[in-house]
Amino acid sequence: MFKKSLLAVAAASMLALTACGGTAGAGTAAGNSGDKITMGFAQVGAESGWRTANTKSVQDSAKKAGVDLKFSDAQQKQENQIKAIRSYIQQKVDVIAFSPVVESGWDTVLKEAKNANIPVILTDRAVDSPDKSLYKTFLGSDFVEEGKKAGAWLVEDSKSASDTVNIVEIQGTTGSAPANDRKAGFEEAIKANPKLKIVASQSGDFTRSGGKQVMEAFLKNNADIDVVFAHNDDEGLGAIEAIEAAGKVPGKDIKIITIDAVKDGMTALSTGKINFIVECSPMLGDQLMELAKKVLAGETVPERVVTEEATFTPEQAKQALASRQY
């Protein structure tokens, strides 16, 4: 069924292009070479437990869906992702998917993919290009909403505070969509309580080692820290190491809020070392493969596909851990 639909779309595209004096694009031609879809996927890296789970989800789902997956690890460098995308264009893959390291600087390579008639799907992270025609859809979380959920919990938890609540923020990778949006959402939410004050904010690059280093610096430079807001679990877990090394009790002396809900984070939450986690699901593989098939079949897909996610307290983490997939 898919092959027939794809052939029909390709035939119509070829006719239209011939009438305009053009030639068929690389993506269309490649898509008709057989039943199997070839997808080029450019991953951010392996900076966290979340990213590792996300990679596995994409790889497992591609295998299950019969998609030929060409995978690259950008090691958190935008130039590596751009090279990978250009390589996929040269290889004439049917569709390209990637999680952008940062939001800006993609227009040129995305135009190259569009000119080659290869559709692009953004996963997990968005780009800030004003030209929405450069990609077919975005699949992932609402990062602003995640930040708002984290801030809303703190507002409720601190409503009886008589003094200023000093917050330190461990941001994600500078310039990345989740770092920008989680920060914006959190700040918007905590405006509801003027006693909540961010006294320091620095990037931990979404890594455990980065979170530890940033927290060590915060503890040296700030005598009174009440709350840590870490943009992901790994940074929060690194912060826990620094807090314990400083002789303080994480979750009690300093409350910790994180985003992701991977097993290590949920384990720390269940033992009270983290106080609240906002979920950001990495299990995007099945939805990505389904979107790729729809795009290549010429079906209309939403401009944005947002995943449904929960929040967790320590008690909820204890219940959820047994069946946690990541």
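Of the contacts in the protein chain with a separation of 6 or more, 75% join residues 24 or more positions apart. The model is predicted. The protein chain has 326 residues, and 52% of them are buried. Twelve helices and twelve strands make up its list of secondary-structure elements.

**The six-stranded sheet**

Six strands form an open sheet. Their order is β2-β1-β3-β4-β5-β11, and the pairing is parallel. β2 and β11 (304-306) stand at the edges. Each has a single partner strand, so one side of each lacks a neighbour in the sheet. From one strand to the next, the twist averages 20°.

The β1 and β2 pair is parallel and is held over six bridges. Within this pairing, M39 stands opposite L69 in β2. Helix α4 (residues 78-90) lies across β1, β2 and β3 (95-98). The helix runs at about 170° to β1.

**Aromatic pairs**

The count of aromatic pairs comes to four. What is the burial state of F41? At 0% relative accessibility, F41 counts as buried. F71, at 32% relative accessibility, counts as partly exposed.

The rings of F186 and F229 are also stacked, because their planes are at 15°, with centres 4.1 Å apart. This pair, too, links distant parts of the chain: F186 sits in helix α7 (residues 177-190) and F229 in strand β8 (residues 227-230), 43 residues apart. Both F186 and F229 are buried.

| Ring pair | Centre distance | Plane angle |
|---|---|---|
| F186 and F229 | 4.1 Å | 15° |

**Helix α3**

Helix α3 (residues 49-65) has 17 residues. At 1.5 Å a residue it should span 24 Å, and its end C-alpha atoms are 24 Å apart, so the two values agree. Which residues of α3 are buried? They are W50, R51, A53, N54, T55, S57, V58, S61 and A62. After α3 comes G66, whose phi is positive, near 75°.

**The loop at G204**

G204 lies in the loop between β7 (196-203) and α8 (208-221). Leaving aside neighbours within four places in sequence, G204 is in contact with I170, Q171, G210, G211, V214 and E235. Of these partners, G210, G211 and V214 have numbers that fall within the range of α8 (208-221). D234 is 30 residues from G204 in sequence, and their C-alpha atoms are 9.3 Å apart in space.

Methods
Residues are numbered from 1 along each chain as its sequence is written. This is a predicted model: local features need pLDDT of at least 70, side-chain atom pairs count only at pLDDT 80 or more; totals for chains, interfaces and linings use all residues. Side-chain values use heavy atoms; hydrogens and water are left out. Helices (H or I, at least four residues) and strands (E, at least two) are DSSP runs, numbered from the N terminus. Contact means heavy atoms within 4.5 Å. The expected span of a helix is 1.5 Å times one less than its number of residues. Buried means under 20% relative accessible area, exposed over 50%, partly exposed in between (1.4 Å probe, protein chains only). Two strands pair if DSSP finds at least two bridges between them. Axes are lines fitted to C-alpha atoms, for helices over the stretch in contact, and angles run from 0 to 180 degrees between N-to-C directions. Rings of Phe, Tyr and Trp (its six-membered ring) pair if their centres lie within 6.5 Å; planes under 30 degrees apart count as stacked, over 60 as edge-to-face and the rest as tilted.
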